[in-house]
Structures are given as structure tokens and as C-alpha cells.
Amino acid sequence: VTVAVRRLLHGDVAVGDALSELSYPVTATTVVLGALASRDWRPMHHDKDFAVERNGTHDIFLNTPNQAAWFERFVTDWTGPFGRLGRMTFRMLGSIFPGDTMVFRGTVTDAGVDETGCGWVSVDISVSVDGDAKTTCAARVALPLTEDDNPWERRGGRWAP
Amino acid sequence: MRGIGVSDIDGLIGVEQYEEVGEFPVEQGYVWTTCASVENGNPLFWDPEVAAEITGGPIAPPTMVSVWFRPHHWAPGRDRPGLPLQVHFDLKEGLGLPEAVMSDNTIVFHEPVRPGDRLATHQILRSVTDEKTTRLGTGRFWVIDVEYHNQRGELVAVESYTGFGYRRSARPEAGRESS
């Protein structure tokens, strides 16, 4: 590869490593932009009156698909473009509203090489507001083992996410 | 599958339902709008040279896979808005459970999705529990898989959703997303 990009190698990662924290002030624009970017037209993600009266929340709130996009960004900020997501499991615990500062934190929980020779790391991530976790995400991401390795070249039986 | 009842559930487990082709091809514009919405600067989505070298050309963010199936808010000749996870709504309706929450979901990523792809999907009911009572009310948990393929028949992703459909026993807890 000739282009210069961030490239986290599998050997650079150890269980217990923490990812750099990401803090982001959420506005109504964050919520509405995220909902429309994910083609989620449901009113509780853009209509405050609906959210209050129908959902019993105090405001509109971030939708789930856009939170997935936030988690993806958080992981690939860390890995660089060679990092290839294998799976993500989300658990919704509470909502995120305009005015909240959401904070993403992640810790490496596992690292290994599978039988096809693919290097994997597992990361537990949470997004929290004022210390309360709102959504958690367990992610499994493939990382290159060497400078010449590229998880994106794996297909069929060589890709076991 | 509308009008299902409790006795119909067993026959639906493992059955592919609602085979559907996306209303529009995977498009670069939504890729950029999504990346902008979360300030994702991954050069795979912004720099064609990087995408050519690493992923053999542009790809869409893997987590966008369900985006390509959310129906237009309006389309000519359609009299009711499309519902993206129809099996979930069938279960709510058929089992008489007016409220529902999604407790967790998993996405497994296979072949990359690329601009221009025309994806197809189907839904598979995996399990439904007996009635249980939680803080929210009394109802049933179910697991629905959504499988996505590209126009070459290659699997691109599988999403698994765990839902809880219920009858309210008290005011819903603030902050939960009803769907």
C-alpha cells in the first residue's frame, strides 16, 4: 500500500488497552441529522412534542442505527482503515438527548488469531452521559498481522466474523 | 403472515419471509451524509485512492447495511408507510401485544457493500418465548434475523434483533424507545 494512513497492527494491541475517549456535545441537529442520514423518519427522532407526549421522554433522542455509525467511527478512529469490523452487539440502556455530552470509552477484552490466520480483537465500548451508560457495544474487529496483511482481502471461508 | 396467532408460531420458526429488494441502489450520497453525521473521517469513505488500495474500490460503512432498506417516507401507489422489520410488527399485532422494545441487536458483517449494489433481504423468525413478566409489562421475547445479500447472491450481513412485545402494566419507563 502506497497511501499513508493510520494502521493499527494486531501486535500493537494487548488485552486491557483503553481506546482514546471521545466526547461529543449532542444537539438537536445531531439527532435529526443522524436520523435522516439513516433514513429513520419516525417522529420521536425529530419532533419534540411527539417524543414528549408519545414516548414520555423530555426531548427527541438519538436513533439506534445512527448510534451504530457512532460506534463504528469510534472503532475505526482507533484502528485506521485497515480495521475491518466482524460483528457488533448493541444493548440499549437509555436514551441520548440534545444537551447531553456523550462520552465513548472502550477497552480491549480479547486478542487472538483464528484458524484461518486472521487477527481479531474484541472491544467493549460504552457511550455514557454523566457517567451513566446509555448504550453498550461489544465489537469484534480484524486487524492486520503485518504491514503486508489486509483483512479486507479475506473472502468466503477465509473470513469468519 | 398477518393475522398469526400463538398456534402459528412454530410453523414460522426458520422460515424466510418478506424477501425484498431495496428500493434504490446503495449510494455514495448517503455514505457521506452518514459519515458527516458522526464526523467519521475514515479515508475509505472519502479518498478513492485509499479505497482502491485497501478495499478494491469504494465501500459503504458496514453499519449502514439496514439503511438501504428503510423505505421512502412516501412512494407513489403505496397507501401505508412500509415497516422495516415487518415480522416484529406481525408478532405484535398477531399476539395482541401493543407495545414493544428492542433489547439488543447484533450485526455480523460479511462481503463489503459497495455504491451501486442492489441489496436484497429477508427476515427469519428464530424464536419466541412463553409469556414473561418484566418491569415493563407482560409479554414475549422474540429473536428475528435479517439476512442481506448483494446482487451476486453473496451474503453481506446478518442482523439479529431481540424484541420484547408486551402489554403495559404501568406507565412506560421514560427514555425507552417504543417501536
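Predicted model: local features only at pLDDT ≥ 70, side-chain atom pairs only at ≥ 80, totals over all residues.
Residues are numbered from 1 along each chain as its sequence is written, and chains are lettered from A in the order in which they are written. Local features need pLDDT of at least 70 and side-chain atom pairs count only at pLDDT 80 or more, while totals for chains, interfaces and linings use all residues; side-chain values use heavy atoms, with hydrogens and water left out.

**View 1. The contact between the two chains.** Chain A brings 48 residues and chain B brings 46, counting heavy atoms within 4.5 Å as contact. Together they bury about 4100 Å², with 52% of that from carbon and sulfur atoms (accessible area, 1.4 Å probe, lost on putting the two parts together, summed over both).

**View 2. Salt bridges across the interface.** Chain B and chain A share 3 of them (a Lys or Arg side-chain nitrogen within 4 Å of an Asp or Glu carboxyl oxygen). One salt bridge links Arg91(A) to Asp104(B), with 2.4 Å between the closest N and O atoms. On chain B, helix H2 (28-37), helix H3 (48-55) and strand S2 (99-109) each supply at least two residues of the side touching chain A. S2(B) gives the most, 8 residues (helices are DSSP runs of H or I, at least four residues; strands are runs of E, at least two; both numbered from the N terminus).

**View 3. Strand meets strand.** Strand S2 of chain A (residues 84-92) pairs with S2(B) in the antiparallel sense, over 5 bridges; pairing takes at least two DSSP bridges. Here Arg87(A) has Val108(B) as its bridge partner in S2(B).
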